[in-house]
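Take a look at the model below.

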Amino acid sequence: MPVGQAQAMVPDLDMRPADPRGDRAALERLATWCVRYAPVAAADPPDGVVIDTTGASHLQGGEAALVEDLARRLRRAGLEARIALAGTWGAAWAVARFGASGAIVPDSRLDAALTDLPVAALRIGDDVRTLLHRLGLERIGDLLALPRASIALRVGEALLRRLDQAFGRGDDPIAPIVPPTTPHARLTFAEPIGHEAGLALAVDRLASGLCRQLERRGAGARRLDLICIRTDGRIHAIRAGAALATRDPRHVARLFRERLEAVDAGVGGVETVTLSASLTETLTASQDRLGREGPKPADLGAMVDRIAGRIGAGRIYRLAPVESDIPERSQRRIAPLARAGGSTWPSRLERPERIFDPPQPVDAMALLPDHPPIRFVWRGRQHRVAHADGPERVFGEWWRSAEELASVRDYFRVEDQDGRRFWLFRTGDGLDPATGDMRWYLQGVFG
């Protein structure tokens, strides 16, 4: 509405000059930040960001974890956002603006999720939306019930294209944002390539160019993105991580070589390939040389990266100690080559190599409530105890919850008649019911 009319309605109206250029720049900065979640991200003016999470959501623990982490970080930054994840850009755009925020739409539910949404969810202009309302077409489902020829005749081909894009029947390419400050190398081919060997040669050339840039900056790459753009505009992105910062071209190329077979070049082939280091760390010349001489920590990083490329990065980790008396809380997973920190496990207490989280319930029999068990049944097999040591009493962490305020565990190291050693505990002290229900659990296995 006009400013004068708005001021008449709200005398103390807070008015500020519009800054479209600044808004666009802020949106592009936000899209650049979103590259942390996937290699392909772009600003979607005037108020959106699109992220292609294909092949990258598992790095965040799955699609639900990715959406939750994104929402939490945006809230922490003071940004209110509506988020949706779907198989197509058009569907995610529609659900984020006209559906439930935080929704994850599987491909099997795509039609149902879009049918009841208003036609404005198809990313159409005001003139097309007004025309559809005049024709009595309010919902996307109303359009699906009409012949395509009739829609094209009355409204135009653009609406049909938006329908196809939303339902995954048409191409909807994303132009990924590559910040100018991000080290990257790009190759555009005069003749598109469609075979793995050609892509491998391209990756080798890109790795050499990228590593020269990193060397000039005194940096090494920790996260690398390979983006292959096909002639039809579709994008195939591969994200790889390095256990240690690296600028070794052979190592960088090796991170992608075994995964190039997953690139679908399509009918026309790949015409542009970009390799970028989306996460870097300072890497001095002495550190770089140390990877080729002496203890060779960089070679250890290359070995970790090679294993991670075959079995998955989430399956390689180290256990670091945590200051907690509860065994299943006394350790956490860290990166395989990360420093564990200052905490250590108590050397005077013997602990099993394998600890169950959560502890596994067992049926046990003891002569007296405070005695070790004489036998127990675990996974359907009975074990008769030949030797036992304990108890070692562990109290609950009262600051966590009211239930742990009085809880008690009595731990026993036992050895069965076959020589196998186990770590069992009983909940409760046998006197006060508030300390536990006197049930037995298996916490770990020795050897």
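Q: How many helices and strands does the protein have?
A: This is a predicted model. Both kinds of element occur in the protein. The count is 13 helices and 16 strands.

Q: What radius of gyration does the protein have, against that of a compact globule of 447 residues?
A: A compact globule of 447 residues would come out near 22 Å. The C-alpha atoms fill a box of roughly 90 × 60 × 50 Å along the principal axes. For the protein itself, the radius of gyration is 30 Å.

Q: What share of the 447 residues counts as buried?
A: Buried here means under 20% relative accessible area. The protein exposes about 25,800 Å², with 51% of it from carbon and sulfur atoms. Of the 447 residues, the buried share is 38%.

Q: Why does the span of helix α3 agree with its number of residues?
A: Helix α3 covers residues 63-76, which is 14 residues. At 1.5 Å a residue, these should span 20 Å.

Q: Which elements are included in what covers the buried residues of α3?
A: The buried residues in α3 are L66, V67, D69, L70, A71 and L74. Their cover includes one helix and several strands. Named with their residues, these are α2 (20-33), β2 (48-52), β3 (84-85) and β4 (103-104).

Notes. Residues are numbered from 1 along each chain as its sequence is written. This is a predicted model: local features need pLDDT of at least 70, side-chain atom pairs count only at pLDDT 80 or more; totals for chains, interfaces and linings use all residues. Side-chain values use heavy atoms; hydrogens and water are left out. Helices (H or I, at least four residues) and strands (E, at least two) are DSSP runs, numbered from the N terminus. The radius of gyration is taken over C-alpha atoms; the globule rule is 2.2 Å times the number of residues to the power 0.38. Buried means under 20% relative accessible area, exposed over 50%, partly exposed in between (1.4 Å probe, protein chains only). Accessible areas come from the Shrake-Rupley method with a 1.4 Å probe; for residues, only the protein chains shown count as cover. The expected span of a helix is 1.5 Å times one less than its number of residues. Contact means heavy atoms within 4.5 Å.
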